[in-house]
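Subject: Handover of a structure, with notes on what was found

Dear colleague,

I am handing over the structure below and would be glad if you could read the notes that follow with it open beside you.

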Amino acid sequence: MPLAARLGVVMGIENVDSNDVTSIRKAMEFVDAVDSPYLQVYPDLGNIAEQGMDPDVELAAGRGHMVAMHAKDVRRGEPRRVDMGTGIVDRDHSFELLHDQHWTGRLMIEMWNDDAPDSVERCVRARRFIEERATAAGVPIIAP
C-alpha cells in the first residue's frame with residue numbers, strides 16, 4: 001500500500017465469483033481496515049447477481065468507495081460466457097442505484113467470448129446494451 005500511495009495508484013478490490021471476497025461488504029472490511037484513499041472497491045454487477053446478493057445492500061455498502069465497475073451478464077452457477085442481456089443481472093435497477101449515489105467512475109464490460117468468430121459483433125452489441133441502460137438510468141457515458 002505505501003508504494004501505491006507514493007505513486008498515486010488507486011487499487012480496487014473486486015467482489016469475485018469464487019469463495020474469497022464475494023461481496024462488496026467483504027471488500028469494504030479491507031478498505032476500512034487499511035483506511036487509505038489508495039484502496040477502494042471495484043464492484044462486479046454480474047458477480048453480485050451470480051452470488052444471489054441484493055444490489056441494494058451491496059452497492060450501498062460501497063457508496064463513496066467504488067472507483068470502477070464491471071458490467072457482465074451471468075446466471076446462477078454460470079459466472080462466465082453469458083451473452084449480455086440474456087442473464088439475470090438487474091442492470092436497470094443497479095444503474096438507478098448508482099445514479100442515486102451520484103456514482104462516477106470507469107465502467108468496464110467484461111466479456112468471455114473466447115475464440116467466437118463473432119466476438120467483435122458481440123462486443124459491439126454488449127457496449128450498446130450497457131450504454132442504453134446506463135443512460136436510461138441517468139448514468140452518463142463518456143466515450144474514450
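This is a predicted model: local features need pLDDT of at least 70, side-chain atom pairs count only at pLDDT 80 or more; totals for chains, interfaces and linings use all residues.

Residues are numbered from 1 along each chain as its sequence is written, and side-chain values use heavy atoms, with hydrogens and water left out.

Salt bridges

Side chains of opposite charge can pair when their charged atoms come close. With a salt bridge taken as a side-chain nitrogen of Lys or Arg within 4 Å of a carboxyl oxygen of Asp or Glu, the count comes to 14. Five residues, Asp17, Asp44, Lys72, Arg80 and Glu110, are linked in a network of such bridges.

A second bridge joins Arg81 to Asp114, with the closest N and O atoms 2.5 Å apart. Because Arg81 lies in strand β5 (residues 78-82) and Asp114 in the loop between β6 and α6, the pair ties together parts that are 33 residues apart in sequence. Arg81 counts as partly exposed, at 47% relative accessibility.

The bridge between Lys26 and Glu29 (3.3 Å, N to O) lies within a helix: the two residues are three apart in α2 (residues 24-34), and are therefore separated by about one helical turn. Lys26 is partly exposed, with a relative accessible area of 31%, and Glu29 is likewise partly exposed, at 49%.

Rings

Arg80, already named in the network, also has its charged end over the ring of Trp112, 4.9 Å from the ring centre; the rule asks for NZ of Lys or CZ of Arg within 6 Å of the ring centre and within 35 degrees of the ring normal.

Cavity and pocket

On a 1 Å grid over the protein atoms alone, a cavity is a set of points where a 1.4 Å probe fits but cannot get out, and a pocket is an open set with protein on both sides within 12 Å along at least five of seven lines, while lining residues have an atom within 4 Å of a point. Grid points are joined across faces, edges and corners, and a volume is the space filled by probe spheres set on the points.

The structure holds one cavity of 30 Å³ or more, and the largest cavity has a volume of about 80 Å³. Its lining includes Lys72, Arg81, Glu110 and Trp112, and the lining residues divide into four nonpolar, one polar and six charged. In this grouping Ala, Val, Leu, Ile, Met, Phe, Trp, Tyr, Cys and Pro are nonpolar, Asp, Glu, Lys and Arg are charged, and the others, Gly among them, are polar.

The largest pocket holds about 490 Å³ of space. Of the 16 residues that line this pocket, the closest to its centre are Arg106, Leu107, Ile141, Ile142 and Pro144. The elements that give two or more residues to its lining are β6 and α6, and β6 gives the most, with four residues. The lining of the largest pocket divides into 11 nonpolar, two polar and three charged residues.

Backbone

Most residues other than glycine have a negative phi, and most peptide bonds are trans. Asp35, in the loop between α2 and β2 (39-41), has a positive phi near 50°, and this residue is exposed, with a relative accessible area of 67%. Arg81 also has a positive phi, near 65°.

With kind regards

Note on methods
Buried means under 20% relative accessible area, exposed over 50%, partly exposed in between (1.4 Å probe, protein chains only).
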